[in-house]
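Please keep the sequence and the model in view while reading the points below.

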Amino acid sequence: MPSSPSMYHTQLSGSYCRCHAKFGEETLLAGQGPEVKVFSLSGGEIVGTFAQHKSEVTCITLGSDPVDKKSGLVASSSKDGAVFVWRLANFEVLQEISTGL
């Protein structure tokens, strides 16, 4: 069962990431520029990239419902006001919201 998100700041590839979320014991999501990088903590490598945002990613969060956590639902937002709800397993966008910022 995935653990709750753990938010903190760290350094990635020479530039600071704005936000992070830990999913379970094996996966870390990190916003870097307009992308959300998905890392394997055990392998230390990028295993996927969510690249739907057009501006810097400002927040990443995981679904709080136990069903959401099992299916790996993620919400990410960016400076331009775009919010995406997507599946961690296959990067499928379930919903896009524009806040008009």
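Predicted model: local features only at pLDDT ≥ 70, side-chain atom pairs only at ≥ 80, totals over all residues.

E56 is found in the loop that lies between β6 and β7.

**E56 and S77**

- The C-alpha atoms of E56 and S77 are separated by 8.5 Å, and the two residues are 21 residues apart along the chain.
- S77 belongs to strand β8, which covers residues 73–78.
- With a relative accessible area of 18%, S77 is buried, because the limit for that class is under 20%.
- Neighbours within four places in sequence aside, S77 is in contact with E56 and also with H53, V57, T58, C59, A82 and V83.

**The largest nonpolar core**

- In soluble globular proteins, nonpolar side chains tend to be buried together.
- The largest nonpolar core of this model has 15 residues.
- Within this core, the residues that touch the most other members are L29, V36, I60, V74, W86 and L88.
- At least two residues of the core come from each of β3 (19–23), β5 (35–40), β7 (57–62) and β9 (82–87).
- Which residues does V74 contact, leaving aside its neighbours within four places in sequence? V74 is in contact with L29, I60, T61, L62, F84, V85, W86 and L88.

**Aromatic rings**

- The structure contains three aromatic pairs.
- One of them joins F50 and W86, whose rings are stacked, with 4.1 Å centre to centre and 0° between the planes.
- F50 lies in strand β6 (residues 45–50) and W86 lies in strand β9, so this pair ties together parts that are 36 residues apart in sequence.
- Both F50 and W86 are buried.
- W86 also pairs with F91: the ring centres are 5.7 Å apart and the planes meet at 20°, so this pair counts as stacked, the limit for that class being under 30 degrees.
- W86 has 0% relative accessibility and so counts as buried, whereas F91 is partly exposed, with a relative accessible area of 25%.
- One aromatic cluster is formed by F50, F84, W86 and F91.

**Strand β5 and its partners**

- Is β5 largely enclosed or open? Five of the six residues of β5 are buried, so this strand is largely enclosed by the rest of the structure.
- On one side of the pairing, β5 meets strand β4 (residues 27–32) in the antiparallel sense, over six bridges.
- K37 in β5 is the bridge partner of A30.
- β4 and β5 form a hairpin with two residues between them, and G33 in the turn has a positive phi of about 65°.
- β5 also pairs with β6 in the antiparallel sense, over five bridges.
- G48 in β6 is the bridge partner of V38.
- The hairpin of β5 and β6 has four residues between the strands, and G44 takes a positive phi near 70° there.

Methods. Residues numbered from 1 in each chain as written. Heavy atoms only, no water. Core = buried A, V, L, I, M, F, W, Y, C linked by side-chain atoms within 4.5 Å. Buried < 20%, exposed > 50% of the residue type's maximum accessible area, 1.4 Å probe, protein only. Contact = heavy atoms within 4.5 Å. Phe/Tyr/Trp six-rings, centres within 6.5 Å; stacked < 30°, edge-to-face > 60°. Pairing = 2+ DSSP bridges.
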